[in-house]
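I opened the model and kept notes as I went. The entries follow in the order of looking.

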Amino acid sequence: MSDGEQAKPRRRRGRRRGRRAAGPPAADAQADSTSSNGAAAPAANGEPKQAKPGQNRRPRPDRRAPDRLRTVHETSAGGLVIDGIDGPKETQVAALIGRIDRRGRMLWSLPKGHIEVGETAEQTAIREVAEETGIQGSVLAALGSIDYWFVTEGRRVHKTVHHYLMRFLGGDLSDEDMEVTEVAWVPLRDLPARLAYADERRLAVVAGELIDKLHSDGEDALPPLPPSAPRRRPQTHSHTRNRRPEESPPRRANGCGPGQ
């Protein structure tokens, strides 16, 4: 080469213009490889690239706490009326009421209902027995109380029912009450099999023990009635008569039915 000639620059052998150099991809290239909907775009070798943690996470559902139901307390009273209570047990019969449930079954239970303003629990038991069965009775002793919970009409109801052993005084069985499907005299020995609810079956056992005490020691030997003051304030009612026809009856919570 002569001194007057300039050496031509040597052409480098490399990748064509537009091709990326070998090596790990840049951070901005990774960001561009992810599509707008969060899915990973395929890499140069055909394998999908993994999205960054949290990049493809779905939005969490709205988990707001449900509205709390308003809790109300209701008190009722009823009675187990025995015809022939002073005679032999094998001849004694008890007055029960029957209602049809949502499955079409006849459920037998003791007559009972809400304690109204100005009434004691004993007075309510006498009145409700007369309204639901058509017969008259007098209170002899307390059988016990049952409480349970159920939900109806957007309320959570705590119901307490006071039950009494009662002597039949007179009258004829009648199912004229709109809440009652049937009424019947049931032999005392058949109550455990006929009563639909476990708590009322236990009350029938207590009634048998009290009747034995009545026969052996007389009426004065029965336990004294617990104090019961007249109700001063009205209470919430969940009676069937107060529900619209299209509404279904509330579900029973623990073997003792609501509705009264």
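I looked for charges over rings, counting NZ of Lys or CZ of Arg within 6 Å of the ring centre and within 35 degrees of the ring normal. R156 lies over the face of W149, 4.1 Å from the ring centre. R194 has its charged end over the ring of W108, at 5.5 Å from the centre.

I noted the ground rules: this is a predicted model, local features need pLDDT of at least 70, side-chain atom pairs count only at pLDDT 80 or more, and totals for chains, interfaces and linings use all residues. Residues are numbered from 1 along each chain as its sequence is written, and side-chain values use heavy atoms, with hydrogens and water left out.

I then listed the elements, which are DSSP runs numbered from the N terminus: helices (H or I, at least four residues) and strands (E, at least two). The protein has 4 helices and 7 strands.

I searched for salt bridges, meaning a side-chain nitrogen of Lys or Arg within 4 Å of a carboxyl oxygen of Asp or Glu. The structure holds 15 of them. E74 pairs with R155, with the closest N and O atoms 4.0 Å apart. E74 is in strand β1 and R155 in strand β6, so this bridge ties together parts 81 residues apart in sequence. I checked burial next, where buried is under 20% relative accessible area, exposed over 50% and partly exposed in between, with a 1.4 Å probe and protein chains only. E74 and R155 are both buried.

R167 forms a salt bridge with D86, with the closest N and O atoms 3.1 Å apart. R167 belongs to strand β6, while D86 is in the loop between β1 and β2 (93–100). R167 counts as buried at 18% relative accessibility, whereas D86 is exposed at 55%.

I turned to helix α4 (residues 198–217). Its 20 residues should span 28 Å at 1.5 Å a residue, and the end C-alpha atoms are 29 Å apart, which agrees; the expected span is 1.5 Å times one less than the number of residues. D199 is buried at 12% relative accessible area, and R202 is exposed at 51%.

I also asked what covers the buried residues of α4. The cover includes β1 (70–83), β5 (135–152) and α3 (191–194). Just after α4, G218 takes a positive phi of about 95°.

How values were computed
Contact = heavy atoms within 4.5 Å.
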